[in-house]
Each structure stands twice: as structure tokens, then as C-alpha cells.
Amino acid sequence: MSSSPVSLPVPAQPYGRPPLRTVQVLGAAGAGSCAHVRSLATGLAARGVRVTVCAPVAAEGEYDFTGAGAQFTPDAVSALRAACAGADVVHAHGLRAGMRAALALSGGGRRVPLVVTWHGGAPEPAGALGRLSRLLERRVARAAAVVLGASTDQVDLARRRGARDARLAAPAVPVPAPVSPAPGGEPAAEAGKTRAELGAVERPLVIAVGSLVARRGYSLLLDAARAWRVLDPLPLLVIAGEGPLRAELARRIEAEGLPVRLLGRRRDADRLLAAADVAVLPSRWEGRSLLAQEALRAGVALVATEVGGVPELVGDAAVLVPYGDPGALAGAVAGLLHDPDRRAALAIAGRAQAATWPSEDDTVAQVLSVYDELMERHRP
């Protein structure tokens, strides 16, 4: 629910210049990009930057950008054009947002620099859809003054698509409050309650989080869950997320008698994760996976596909398997469920790896330095 903007102290502007005005453009209500923009808006506003977030109304309802100190405007074309016309820097998040921002800036009297953070970059589809995807990537890459890639492969792709300036800028997201274990190594009381609610008191709990779309690899995950039916005790797989594949996945779960529960979209994914024995990321592609970050920070053993920016993100703190191999995925999860010492070692390694990631302050400082650089370039 939206609330009134937070009153934050505004630092004095250097050389008597007015406050920097930025527009943050979101093309969809994806969890990773929305959390990043919410964090960015909070940090920028606290530093005296005037922030407008142009996004779907649903995103404002869930992430409360106004509560972060930003002005919110719906993502209608006319509203986006008006917001961009009054900006010093426009920062779009994702390819769709980048294209919409580029169009909104075209034909304007002032030259307003465009920054685009690529939260996408998955392997391109074949045929006409693939050609359209490559065209969109080229248009956005060439329209941007700076492209910020969340992972090295995104930076490389942006350069191949013609970006004039592409840089690595791993976005940080808010760190959830940790759930501390109770004395004796037993799960915390809250985690035990969560397991009871899910029906996993005396059985292993495996969790996946993310929208129910093809690139998440849930069909392969169900293949792996079918292989787990021989395990004793039988693991329970819970999937938190919503999307167009829900009906198809539900039919498979019922027809094959799989030990899987579809939880729908949840606002307490961090609580679910803290109660799990193993987290699994079966995606066909990921940039800077939100689930991977949250699992390692929470000390939950992670099995993930070795795709996109995942290896760069997790280092040696997770078990990586090839995409498209349900046997490898099933074996890796089963191995961890039967090896508590290995899970404990991964928990330690995960927290150590997470400590190497940039903080929210680091991310805001890097983005603000890009804005300042662009303002110097465009200053008369």
C-alpha cells in the first residue's frame, strides 16, 4: 500500500546547482528489478536526488516507491514522456523499459542521457522471435549513453549489440533480517512453525522461488522430483511463484503423484527459505538471481544450474549442475539432503560469498557516480 513520501534530509548541492532529477523506469513488476529500484530510490533520495519512479501501478502497491522518498507516476506513455521531459537523467531497468524510455526521449528539445540496466539477456529464442529480440537489444544498447550489466555476460552481450559504454554494475537488494538458529543447532521456532504449516515436519523441505514461466526450468524440476519419490523420508518440494505455467504444472503434479506443492505468489519467501533444507534454482538462464542471493545470505544450501551470471554470483558456495539434465539436478539435491555436513559447509561458504557482494550503499554510490559523469558530459 502506498504511503506519503518520507521526509529525508537533503544535502547541499555542489556549486549552488539544483538537485539532480532522475526518472527510474520499470517495464514490468519483476521482483528483482522492483527491489533494486526501491533500494536505489531510497538511497538516491537520501542523498538529495529528486527521484520519480515510472512503473506499473501494481509495482507501486507492492514496493511503495513513494515511501522510499520518490514520486510515483503510472507507466502510461503520456506520463512517461512528461516525466522524462523534466529529468536530468533517465534510468531504465530492463529491455522493455529501455525501449519505452528511448521512445519517450526521442524528439525532445533537450538531450537527456539514458542509462539502462540490463536485468534480462537470456539466451535468445529461435526464428522470428529471436530476430525481434536481437533487434530490441540493438536498439536499446545503441540508444543508451551507458548500459549497466548485472553480470559479466550481460555486459559482453550489450557490447556485441553495439553499446557505446557498457559496465558491470551488480545491483544490491535489501538484506532480510536473519533467522537465528535455536541453541543445540535445532531450527529456529519460526522455521519450525513454517515447516509445520507446509507439512514438512519430519521430512526434508526443498524450495524454489520464482515466476512460473518457461525459462525458470520448472518442468525439469518436476522431472527431478519424480526421481526423489524413492527417497526415504520423501522430500517435499514447494514452489513459491505465480505465472502462466501454473495449470500445466499442477496437472503434472496430480497426474504423476509428485511430492510438490505450488504455493502461488508469496510475500514471505524469505521466511519459507529460512525453513528449507535445500534451495533449488533450475533456470535456463539467470543474471543476478534474487533466490541465489537470498539463499546464500540465509545459509541455505543451494543447487543451481550453471548458466548466465550464476557461477559468477555464487562462486564455490553452491552446487552447480548443467541446465537440461534432471538426473544431475535430482542427484545433487538428494546428495545434499543425505549429507548434513556438506549443507553446513555450504551455509558457511554462502555467507562468506555474500559478504563479498556490493552493499546497497555501494550500488547507490556507483550509480550516482555514473549520473554525475553523464551530467558533466552534457553540461554546456
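Modeller: Gladly! Let me start with a definition: helices are DSSP runs of H or I with at least four residues, numbered from the N terminus. Please keep in mind that this is a predicted model.

Colleague: What makes D223 and R226 separated by about one helical turn?

Modeller: Both sit in helix 8, which covers residues 218–227, and they are three residues apart, so about one helical turn lies between them.

Colleague: And why is the contact of D223 with R226 called a salt bridge?

Modeller: The cut-off is 4 Å between a side-chain nitrogen of Lys or Arg and a carboxyl oxygen of Asp or Glu. For D223 and R226 the closest N and O atoms are 3.5 Å apart, so the pair qualifies.

Colleague: How do you know that R265 is exposed while E62 counts as partly exposed?

Modeller: Exposed means over 50% relative accessible area, and buried means under 20%. R265 has 53%, so it is exposed. E62 has 30%, which falls in between, so it is partly exposed. Their side chains also meet in a salt bridge, at 2.7 Å from N to O. This pair links distant parts of the chain, 203 residues apart.

Colleague: Why are the rings of Y63 and F65 called stacked?

Modeller: Rings pair if their centres lie within 6.5 Å, and planes under 30 degrees apart count as stacked. Here the centres are 6.3 Å apart and the planes are at 15°, so the pair is stacked. Y63 and F65 form the one aromatic pair in the structure, and both residues are buried.

Conventions. Residues numbered from 1 in each chain as written. Predicted model: local features only at pLDDT ≥ 70, side-chain atom pairs only at ≥ 80, totals over all residues. Heavy atoms only, no water. Phe/Tyr/Trp six-rings, centres within 6.5 Å; stacked < 30°, edge-to-face > 60°. Buried < 20%, exposed > 50% of the residue type's maximum accessible area, 1.4 Å probe, protein only. Helix = DSSP H or I, 4+ residues; strand = E, 2+ residues; numbered from the N terminus.
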